[in-house]
Amino acid sequence: MSARQTKVTSSHWGAFKVTTENGRIVSVGPFEADPNPSAIPHAVPSAVHHRTRVARPSFRRDWLEGGPERARSERGNDEYIELPWDEALDITAAELDRVRKEHGNGAIFGGSYGWASAGRFHHALSQIHRFLNSIGGYVSSYASYSTAAAQAIIPHVLGMNFLKFTWGEQNSWPMIAEHTELLVMFGGINPKNAQVSMGGVTRHETTGWLKTFSDGGMGLVNISPQRGDAPDEAEWLPIIPGSDTALMLALAHVLETQDLCDRQFLDTHAVGYDVFRRYLTGESDGQPKTPEWADGLCGIAPAVIRDLACKMAAKRTLITVAWSLQRAQNGEQPFWMAATLAAMLGQIGLPGGGIGYGYGAIGGVGVPIKRLDGITLPQGTNPIEDFIPVARIADMLLSPGGRYDFNGQARRYPDIKLVYWCGGNPFHHHQDLNRLANAWMQPDTIIVHEPWWTPTAKRADIVLPATTPYEREDIGRAPSDSFLFHMPKLIDPIAEARNDYDIFSALAKRLGCGDDFTEGRDAEGWLRHLFDRFRQNVSADGIELPSYDELRDRNWIELPIAGAEHCGTPLKAFRDDPEAAPLGTPSGKIEIFSQTIDGFGYKETPGHPVWCTPDEWLGAGAAKQYPLHLVSPQPADKLHSQLEAALADIPDARPSPVLINASDAAHRNITDGDVVRVFNGRGSCLARAVVGDRIRDSVIAVPTGAWYDPDEAGNDQQGNPNILTRDIGTSRIGQGSSAHTTLVEVEKLADS
Ligand SMILES: Nc1nc2c(c(=O)[nH]1)N[C@H]1C(S)=C(S)[C@@H](COP(=O)(O)OP(=O)(O)OC[C@H]3O[C@@H](n4cnc5c(=O)[nH]c(N)nc54)[C@H](O)[C@@H]3O)O[C@H]1N2
Ligand SMILES: Nc1nc2c(c(=O)[nH]1)N[C@H]1C(S)=C(S)[C@@H](COP(=O)(O)OP(=O)(O)OC[C@H]3O[C@@H](n4cnc5c(=O)[nH]c(N)nc54)[C@H](O)[C@@H]3O)O[C@H]1N2
Ligand SMILES: [Mo]
């Protein structure tokens, strides 16, 4: 591997060229077919060769020497002992065996949420789930941090799996460009987030589409606490976080009272408008949801609300809602209410009209493409049926046997003895990290596969060093992308890193189920097998693929599946004939009132969308003590906590930036560049002030992704907002993450 060579590889942030020399990645460059390549891969060369790579299998001293009982109290504050692979695998297999024999597989938590890396075979989550299934099963996790509340509510309202709706029943970019006159964006559409997509996004097109929309004279309205969440051409309505449902209700109130709603559409295509209308007008609760009422909650003037409602009724309007709105307490409500508002406008099923969720959240949303069967490693079946809603991990660890409600079910948390993580970083992604750190002391044993010493790896008992995609061969393909990649092995594994597949194969063999797990194939055997299956499947669609060897030679090909001709008008069949093409809801129609949800008996969330006052927001009593609302968006310069090793080395990159309005900064004697402490009753972190007028007053933004690194007093040095966020479910319906429901205060550090 000494000669200099350049190859293309694929990643969640797109395809890019990688140049290697003498066994090292020396530089990266853009991929020719990408009109707007992401800068994220620039961190790859230094991250891959970084000093924070896990070199060898590592065991926490207390766990290794004292066993689980002694180990628990020390996680996160201990030394590691390196062992040779054979011994490490023996110990790990023996511990898995002990737990499954003593407590059953229902005591193993293998949810292992996380984005891991692109690449279809070495997909860490598929690998761990297949492995744990082959050894008798595990407690899994349900839905995602991204969209858990949406995944729960949308099937009740629109009768469809949320992901199916996202990929199958939303307007494509070309259709919006052609037909939409007014684009009303709750939470904006920010191309910064469209840099990434699960499994890859080769052509970064979102910026280009937004420019097409504004150049073409489309009306753009950005309803967000941050101006930068949409193009500057958009009208900015700087809303108070957590109050979108109130604004939507007021828009609905104007439509209802000014007779601007499509009553016929509501009669033929929706159920429950009558019940909802009584709530809207205040007949049922005494409070009409007028623009004046909403102004006091969301901070948008009544005249602006009236004007917007009239425009929405007069024009072909597409309402879009960012995923962030449902990553908040009662995050189900703005998603439900937005669908209700769209139903009142009566444009659902018309080209360029209606409702869409998550445009800009990831690169694939809106891309017109023919969907093909994926390339996935079969995971087998899990004999353990028990699961938790994904974001309830700390609750689970803190209250084994504890009761909770979830989407109409009364459930109990399992009693977990062993946690196994491969491809995620809970000490990045979970809320209230001090609480998680406490919950993390409960299990006997925590096993983590990681390329880097992340905060999660530093809190594991057994850390097995994993390769990165550059150290192994794989196939790259994302469902919303027309490119297919052979991802070459570019360098040898760093130190003693091994592929997750090889680690699991060796453990499975020790546990007596090696053949079940491998089916007699090595990694290359699987790649050829999975590729051949994909090749056969797509040939039924009339697409002929080259052989695996030819793909390997060519590095990448484009499939003939992109283009507007692959996308029809969303929900057209339902609009044309709701009897013949009903939705999958119990009524077959849009459920503005859901008998099912009403039947759950959750008094805080009745059978129609409602405004629920959040526990933490600018209108709460707690705002006296913590007067700033913290939003924690995705970082612009990377994907979550990935590549953080390299990014944290950039001078002044850490602690993380905190965007703060000039008036809030002045009030606290903070100037641009100052290091500040952001704090509330749950914890505190450092951050570096970025002062400006692109965020509304009383709101601050700290991006996610810094590696949690508390000092002895518990003050996080790197600027991870999750030390501050609140760890409660969105509601009993979705039990998702409610990261955006957080109040804080900021102070200048005495010596900055
Ligand atoms: N406050 C707040 N918190 C949030 C959010 C928010 O908006 N606000 N957003 C949430 C959302 S939507 C998400 S999706 C989560 C994301 O949270 P995660 O998906 O957990 O974050 P990542 O940093 O992508 O974690 C992936 C980990 O896998 C490791 N990895 C990469 N490749 C491999 C591999 O091949 N093998 C192994 N074994 N490991 C590998 C990486 O080094 C990294 O540590 O964060 C959530 N947290
Ligand atoms: N560069 C980059 N892109 C990413 C990721 C990444 O890590 N890096 N992660 C990816 C993942 S896993 C996901 S799930 C998506 C997430 O996609 P989103 O959920 O859309 O993204 P966020 O950045 O969390 O939030 C978008 C904006 O919502 C606004 N916002 C917050 N609260 C409210 C509110 O109450 N009301 C309104 N109206 N606006 C609010 C904030 O100003 C924030 O900037 O992003 C994906 N894209
Ligand atoms: Mo996500």
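Which residues does Phe 335 touch, not counting residues up to four places away in sequence? In this predicted model, Phe 335 touches Ala 150, Ile 153, Ile 154, Phe 162, Val 321, Ala 322, Trp 323, Leu 325, Gln 326 and Tyr 357, when residues up to four places away in sequence are left out.

## Nonpolar cores

Phe 335 is one of the residues with the most contacts inside the largest nonpolar core, which has 168 residues. As a general background, nonpolar side chains in soluble globular proteins tend to be buried together.

## Aromatic rings

A pair of aromatic rings is described by the distance of the centres and the angle of the planes. The whole structure contains 38 aromatic pairs. Among them is the pair of Phe 387 and Phe 406, which is edge-to-face, with 6.1 Å from centre to centre and 70° between the planes. Phe 387 belongs to strand β14 (residues 387-389) and Phe 406 to strand β15 (residues 403-406), so the pair ties together parts that are 19 residues apart in sequence. Both Phe 387 and Phe 406 are buried.

Ring pairs also join Phe 121, Phe 131, Tyr 420, Tyr 501, Phe 504, Phe 517 and Trp 526 into a cluster.

| Charged residue | Ring | Distance from ring centre |
|---|---|---|
| Lys 289 | Tyr 279 | 3.8 Å |
| Arg 521 | Trp 526 | 4.5 Å |

## Sheets

Strands of a sheet pair through backbone hydrogen bonds, either parallel or antiparallel. One open sheet consists of three strands in the order β1-β2-β3, and its pairing is antiparallel. Its edge strands, β1 (5-9) and β3 (24-30), each pair on one side only. On average, neighbouring strands in this sheet are turned by 30° against each other, direction ignored. Strand β2, residues 16-21, pairs with β3 in the antiparallel sense over six bridges. Within β3, Pro 30 stands opposite Phe 16.

Another open sheet has six strands, ordered β5-β4-β19-β18-β17-β6, and its pairing is mixed. Here the edge strands are β5 (80-82) and β6 (108-109), each of which pairs on one side only. Strand β4 (residues 58-60) and strand β19 (residues 462-465) pair in the antiparallel sense over two bridges. The bridge partner of Phe 59 in β19 is Ile 462.

Which helices lie across strands of this six-stranded sheet? Helix α4, residues 124-134, lies across β6 and β17 (418-422) and runs at about 145° to β17. Helix α18, residues 500-510, lies across β17, β18 (445-450) and β19, and it too runs at about 145° to β17.

## An exposed residue

Is Ala 750 buried or exposed? Ala 750 is found in the segment after β30 (743-748). The relative accessibility of Ala 750 is 85%; because exposed residues are those over 50%, Ala 750 counts as exposed. The C-alpha atom of Ala 750 is separated by 8.9 Å from that of Val 676, although these residues are 74 residues apart along the chain.

Technical notes: Residues are numbered from 1 along each chain as its sequence is written. Chains are lettered from A and ligands numbered from 1 in the order in which they are written. This is a predicted model: local features need pLDDT of at least 70, side-chain atom pairs count only at pLDDT 80 or more; totals for chains, interfaces and linings use all residues. Side-chain values use heavy atoms; hydrogens and water are left out. Rings of Phe, Tyr and Trp (its six-membered ring) pair if their centres lie within 6.5 Å; planes under 30 degrees apart count as stacked, over 60 as edge-to-face and the rest as tilted. Helices (H or I, at least four residues) and strands (E, at least two) are DSSP runs, numbered from the N terminus. Buried means under 20% relative accessible area, exposed over 50%, partly exposed in between (1.4 Å probe, protein chains only). A charge sits over a ring if NZ of Lys or CZ of Arg is within 6 Å of the ring centre and within 35 degrees of the ring normal. A nonpolar core is a set of buried Ala, Val, Leu, Ile, Met, Phe, Trp, Tyr and Cys residues joined through side-chain atoms within 4.5 Å. Contact means heavy atoms within 4.5 Å. Two strands pair if DSSP finds at least two bridges between them. Axes are lines fitted to C-alpha atoms, for helices over the stretch in contact, and angles run from 0 to 180 degrees between N-to-C directions.
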